[in-house]
Amino acid sequence: KNIGIRLNYPHSKIRLVSKAIDKIIKYQIETEDFIVPWDKAFLLIEPLLKTYSNKTGFLEELIKEGVFIEDYFYNHDSRKYEQHGVVCNYERFNEHLKAIFLLNNYSNVESLGKAFAAKGKLRSLFIDKFGYLQNNIGLLNAFSIIIPEKFDVEIYEVFRVREQWGQQTIFDSFLQSIIWRKHSTIKSKSWEYIRKYINYNDEQLINFFNTIILLAANPTNHFNANFIHNLLMPLPMAKRDYAWSIMIDRLWQRSESNSIKRIIDWCWSEEDKSYTKDESIILLGKILAWLFTSSNRYIRDKSTKAFSSLFTNRVHLLPDFIEEFKSVNDPYVLERVIGGAFGAVTHSNDIVKNSSLAQYIYNEFFSKRKPPLNVLTRDYCKGIIEFVANTGGKLNYEKKNLNPPFDYKFPVDIPGNL
């Protein structure tokens, strides 16, 4: 719009900027060169304006608006920064535009499959002269995003290679695509494809969880926290520790900006979370709850504090949340969930919502005088009830039911020395 006003052409009816971008992208594809010489860019773009305006300077305006970057680039032959050229502003965006331009030549999955078959036009962009998938990985990543959106098919379904390195490259490209693409394009069938790689490769398992943890709070994404929750909940503790607990510790130590730290930091922060939907808060809470299985005390403690902070102003969500974790086969997870809920209640000023949670805790764990056997879990439950009762909350409970002895029978069979 700004360019159209300054150059006096009907910008609302004619998409000159898009046409200029297409010219640059076409040149890059045909010459296999990322940098477009300035004089060549001028000759490609400037004539587009003449038909619709008597003004000049279209390329300069595109550079001013940040559509393109003009600079002196490194010349590998002379080893100097003397190549005066033009490129799109962001390399990832440039690859995305290339992918769109190339895929416009195909109207259905059949024609796309032929293009990725042996000696196909698209396949030749990625396979080197020795038959290996080595070239244009950035473009492959862009294809992994756009192809599902346009053709409702995954990149690995149309682009097949025999060599293991190429298969791994396609998998990596697909995995990074689930962060960027439309969430509606991610189907459950992808899980079977993913399992082939993560079942036998610990590093790929870490990469997979590091990726989908970033999507944890998105209610519409197939690989959100509900996916992780449904995956981990039925597992025996030993299998869950191998597949998840060990992995999150290794991921935690890998870098300072991994997905676990990002979620903990955001949940624990004092940033205003009122704009965040309840559904997303619950999803984030599930990720934090499953971090409680870690053997790393720092992960557990930080996650617990983040959990309390996350639910401080959403105490009304905790009864249903606790109900989901009530039957977890790792008693330590429930202990931390209740402990985090206790922290949230003590920081919340909403007496009505606090009372609702405390009443749920009493009805579920104390009304029949059979509270959790885990002493700390029981103590946190009792703490929630007593705190709410002492801060003006209205509860229907009997105080004697909060204290032992409880209606449990002492075990008859005592384990011997193993």
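This is a predicted model: local features need pLDDT of at least 70, side-chain atom pairs count only at pLDDT 80 or more; totals for chains, interfaces and linings use all residues.

**Entry 1: Thr 293**

I placed Thr 293 in the loop between helix H15 (278-291) and helix H16 (297-311).

Next I looked up its polar partners. The side chain of Thr 293 makes a polar contact of 2.9 Å with the side chain of Ser 245. The Thr 293 side chain also reaches the backbone oxygen of Trp 290, at 3.0 Å.

Then I listed contacts, leaving out residues up to four places away in sequence. Thr 293 touches Arg 240, Asp 241, Trp 244, Ser 245, Ile 248, Asp 330 and Val 333.

**Entry 2: the sheet**

I traced an open sheet of three strands, in the order E1-E3-E2, with antiparallel pairing. Strands E1 (36-37) and E2 (68-75) are the edges, and each pairs on one side only. I found eight bridges between E2 and strand E3 (residues 80-88), in the antiparallel sense.

**Entry 3: Tyr 81**

I went on to Tyr 81, which lies in strand E3. Tyr 81 is the bridge partner of Tyr 74. I read 61% relative accessibility for Tyr 81, so this residue counts as exposed.

Which residues make the nonpolar surface patch of about 370 Å²? I noted Tyr 72, Tyr 74 and Tyr 81.

Conventions:
Residues are numbered from 1 along each chain as its sequence is written. Side-chain values use heavy atoms; hydrogens and water are left out. Two strands pair if DSSP finds at least two bridges between them. Helices (H or I, at least four residues) and strands (E, at least two) are DSSP runs, numbered from the N terminus. Patches are made of residues with over 30% relative accessible area and no salt bridge: like charges are joined within 9 Å, nonpolar side chains (Val, Leu, Ile, Met, Phe, Trp, Tyr) within 5 Å. Accessible areas come from the Shrake-Rupley method with a 1.4 Å probe; for residues, only the protein chains shown count as cover. A salt bridge is a side-chain nitrogen of Lys or Arg within 4 Å of a carboxyl oxygen of Asp or Glu. Buried means under 20% relative accessible area, exposed over 50%, partly exposed in between (1.4 Å probe, protein chains only). A polar contact is a pair of N or O atoms within 3.5 Å; within protein, one must be able to donate a hydrogen and the other to accept it, and residues adjacent in sequence count only if both atoms are side-chain atoms. Contact means heavy atoms within 4.5 Å.
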